[in-house]
Amino acid sequence: MDIQEMIELVKETKDFVENRERAGHIKTKGRADYVTQVDTDIQEFLFRELKARFPDIAFLGEEEGLHEMNADTYWILDPIDGTTNLIHDYQHSVVSLGLYERGMITMGIIYDPFREDVYYAQKGQGSFLNGSPIHVSDAETLSETMLAVGTSPYDRELAQQNFQRIQRIFDKSQDIRRTGSAAMDLAYVACGRTGGFFEPCLRPWDFAAGMLLVEEAGGKVTDFAGERLHFQARSSVAASNGKVHDELLGLL
């Protein structure tokens, strides 16, 4: 599979993202959980194109679920990670596409159409940003770096516990950042802009591509208990440059 072909395909979603009229067509899935016509358009477009190119590979998309539930190889797509950002034209939204093969992610692409940035990785071949290799930060402690955080807006009952975690991280690090897109936050860990990221209760489409990016850039991704992530259910996610991982987990 030619990853450059996949990158060019994902970049074709830019016109959908820039359509502000379609972004204003909003449905509410749950508290603070929205889907716009842009999400739906991108998912339908990529599903159609990927199925035409790779008819034997199943498809897991945020807006529809998994086609062929017993599949051991499938695409994992978040057509817009950062939908609330898109609604408000906050311009921190990305398209995230991963390929799951028999228990692992083997390819990941995260496309930021606002900055024309493409982060991508293949298993065992490193991580890249617009063709240049990227690596996680070399910070040895949290005090030497910034951390990105997620607020789990769909799960407000977790807010007190989560904001206590955020305060503990803030107290130990240089500062914290919140983009509103877990996939973007993971891409930023991979290229060393932040030393780590955490958020409870993420779905596979939130973290699949970004997890591979971080790992191929030299970092580490686990759940809050230090266990490997799985791709059939929600999971807490802790990502780091590897060097600060134990310190991060200790505060989570």
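1. Which side-chain oxygen reaches the backbone nitrogen of Gln4 at the start of H1? A side-chain oxygen of Asp2 does so, coming to within 3.0 Å. Helices (H or I, at least four residues) and strands (E, at least two) are DSSP runs, numbered from the N terminus.

2. The model is predicted: local features need pLDDT of at least 70, side-chain atom pairs count only at pLDDT 80 or more, and totals for chains, interfaces and linings use all residues. Residues are numbered from 1 along each chain as its sequence is written, and side-chain values use heavy atoms, with hydrogens and water left out.

3. Helix H1 spans residues 3-11, and its residues Ile3, Met6, Ile7, Leu9 and Val10 are buried (under 20% relative accessible area, with a 1.4 Å probe and protein chains only). Seen down the axis of H1, these buried residues fall within an arc of 160°, so they line one face of the helix; the arc is that of the directions from the helix axis to the C-beta atoms. Among the elements that cover them are helix H4 (37-53) and strand E5 (73-81).

4. Strand E13 (residues 196-202) is mostly covered, with six of its seven residues buried. E13 pairs with strand E11 (residues 146-149) in the parallel sense over three bridges; strands pair if DSSP finds at least two bridges between them. Gly196 of E13 is the bridge partner of Leu147. Strand E15 (residues 235-240) runs antiparallel to E13, joined by five bridges, and Val237 in E15 stands opposite Glu199.

Key:
Buried means under 20% relative accessible area, exposed over 50%, partly exposed in between (1.4 Å probe, protein chains only). Contact means heavy atoms within 4.5 Å. A polar contact is a pair of N or O atoms within 3.5 Å; within protein, one must be able to donate a hydrogen and the other to accept it, and residues adjacent in sequence count only if both atoms are side-chain atoms.
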